[in-house]
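This report describes the overall build of one protein chain.

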Amino acid sequence: MNVDPAFEKHLSHVNLDALSKSQDVIYIVDSSIRLMAFNEAWIIFARKNDGENILSNYLLGTQVSEVGIKPIRKYILNGYMKALREKIPFVHDYECSSPQAYRVFHQTAYPIFDSSGLIITHHLIINKQHTEREIDFYSHFENDQKIVTQCANCRKIRDPQNDKTWFWVPELVERPLPNTSHGICDPCLDHYYPDI
Ligand SMILES: [Zn+2]
């Protein structure tokens, strides 16, 4: 477990060795939602999904609450703050598929007993083959040079001709275009973020 030395005093009751070896992506934030610790699975997941950039962008002390697209960020942050205030875990499921697999994760933010922060775990609950029709981006959108909008939750791409249609384009999950902006599709908004 990579732990900020100044934060260790809040974790004396925590089995850091178990967190470190867990297959779940686990990190710890302080009450200002700054990254105070992360485990090995976090490093592996970050490398696989967002490359090396994420590792240099998310050093210990980084403000984690500034990550992700605005409405989702606010929703998660509200959940974290409520968990800290009421000392009740915040739970939230979300989709984070890879080009090969449809995946859903269960996030739990456990308040640390002295309210100094949260232990946040991401447990893989669904991992199966995609059933969506795959769209070949370069043949489908060949005349479109505009910005591509990707759902930050399910990672589908918005049809530039029709705002309501989102396509599963595995190659753009594998290699996102530089002109990608992030939004959230209606089905994800309804299913995962009904309160937004
Ligand atoms: Zn979506």
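## Charge

Lys and Arg count as positive, Asp and Glu as negative, while His and the chain ends are not counted. The place of a charge is NZ of Lys, CZ of Arg, CG of Asp or CD of Glu. On this basis the chain carries 20 positive and 25 negative side chains, with the centres of the two sets 4 Å apart.

## Basis of the model

The model is predicted: local features need pLDDT of at least 70 and side-chain atom pairs count only at pLDDT 80 or more, whereas totals for chains, interfaces and linings use all residues. Residues are numbered from 1 along each chain as its sequence is written, and side-chain values use heavy atoms, leaving out hydrogens and water.

## Fold and dimensions

The chain has 7 helices and 10 strands, taken as DSSP runs (H or I, at least four residues; E, at least two) and numbered from the N terminus. Its C-alpha trace spans about 55 × 30 × 30 Å along the principal axes.

Of the contacts (heavy atoms within 4.5 Å) with a separation of 6 or more, 56% join residues 24 or more positions apart.

## Burial and core

Buried residues (under 20% relative accessible area, 1.4 Å probe, protein chains only) make up 46% of the 196 residues.

A nonpolar core is a set of buried Ala, Val, Leu, Ile, Met, Phe, Trp, Tyr and Cys residues joined through side-chain atoms within 4.5 Å. The largest has 34 residues, and Tyr27, Tyr80 and Leu118 have the most contacts inside it. Elements supplying at least two residues each include β2 (25–30), α4 (70–86) and β6 (117–129). The largest share of this core, 6 residues, comes from α4.

How values were computed:
Buried means under 20% relative accessible area, exposed over 50%, partly exposed in between (1.4 Å probe, protein chains only).
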